[in-house]
Amino acid sequence: MLIYGINPVIEALRARRVTALRVASRADDRVKQIERLAGEQGVPVRRVGADELDRAAGGPGHRHQGVIAEVGEGASCRVEDLIVGAAGAPLIVVLDGIEDPHNVGAILRTVDAAGGDGIVRQSRHAAPLGGATAKASAGAVAHVKVADVVNIARSLEVLKQAGVWTVGLAGDAAKRYDEIDYKLPTAVVVGGEGTGLRRLVRDRCDWLVSIPMRGHVQSLNVSVATGIVLFEAVRQRQQTAWLA
């Protein structure tokens, strides 16, 4: 897949997933730094015109910042792998019908920042992990594990059977998001903008929680809502570590 932008390409190089690099013929200092890093790894670099970079990035409106990388697909991952690979109590995010690449990228970035153990998403109707998603993730796409599944509702059952509590975000839920014990193994389940969680997914969640709104709008962007809940989990887990 193709990714573009300074930060995404640097992180992909650090993760040693870049197979080839295209850079602008008039590269600035940051792009030259990327070239040096690619050279250290033996990654082939080709200088091209701005028009070719624009076309590869999907048009001049996509800010490639003078660099585009071809990145190998990450190793396939299962839901069980996210659980087994967790260093402590798993903290996972499940995406139910989120197709906007900017939202998916922002969630990837937040999962990485919060030290989460990965994302579960439906392979059908999913935003590609390259391009705009990688750019919005600021490079986190190179580090966060992603389990592609056929059925989200069935995947929640897999999580629950493994002892992971599933917490769905729903604007009409009576329970507040900060009334949950996130020190336990947790999967935060979030739905698409405007649609929320689908009924079958909603029914399979152990808990449904909401984030209280104090202003005039009735909901938050899904990536913002995800970040609020993830960092509540981080706060609770750090508090327990300090008391131990």
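Q: What percentage of the 244 residues of the protein chain count as buried?
A: This is a predicted model, in which local features need pLDDT of at least 70 and side-chain atom pairs count only at pLDDT 80 or more, while totals for chains, interfaces and linings use all residues. Residues are numbered from 1 along each chain as its sequence is written, and side-chain values use heavy atoms, with hydrogens and water left out. Buried means under 20% relative accessible area, with a 1.4 Å probe and protein chains only. Of the 244 residues, the share that count as buried is 48%.

Q: How many helices and strands are there in the protein chain?
A: Helices (H or I, at least four residues) and strands (E, at least two) are DSSP runs, numbered from the N terminus. In the protein chain there are 9 helices and 11 strands.

Q: Why does the protein chain count as being as compact as a globular protein of that length?
A: The globule rule, 2.2 Å times the number of residues to the power 0.38, is set against a radius of gyration taken over C-alpha atoms. For 244 residues the rule gives 18 Å, and the chain is as compact as a globular protein of that length because its radius of gyration is close to this, at 19 Å.

Q: Among contacts between residues at least 6 apart in sequence, what percentage join residues at least 24 apart?
A: Contact means heavy atoms within 4.5 Å. Among contacts in the protein chain between residues at least 6 apart in sequence, those joining residues at least 24 apart make up 78%.

Q: Is Q122 buried or exposed?
A: Q122 is in strand 6, residues 118–122. Leaving aside neighbours within four places in sequence, Q122 is in contact with L95, V149, V150, I152 and R198. Its relative accessible area is 11%, so Q122 is buried.

Q: Which side chain does a polar contact of 3.1 Å join to that of Q122?
A: A polar contact is a pair of N or O atoms within 3.5 Å; within protein, one must be able to donate a hydrogen and the other to accept it, and residues adjacent in sequence count only if both atoms are side-chain atoms. A polar atom of the Q122 side chain lies 3.1 Å from the backbone oxygen of V150. The side chain joined to that of Q122 by a polar contact of 3.1 Å belongs to R198.

Q: Which backbone nitrogen does the side chain of H64 reach at 2.9 Å?
A: H64 sits in the loop between helix 3 (50–56) and strand 4 (67–71). With a relative accessible area of 10%, H64 is buried. Not counting residues up to four places away in sequence, H64 touches Y4, G5, A50, L53, D54 and A57. The backbone nitrogen that the H64 side chain reaches at 2.9 Å is that of G66.

Technical notes. Buried means under 20% relative accessible area, exposed over 50%, partly exposed in between (1.4 Å probe, protein chains only).
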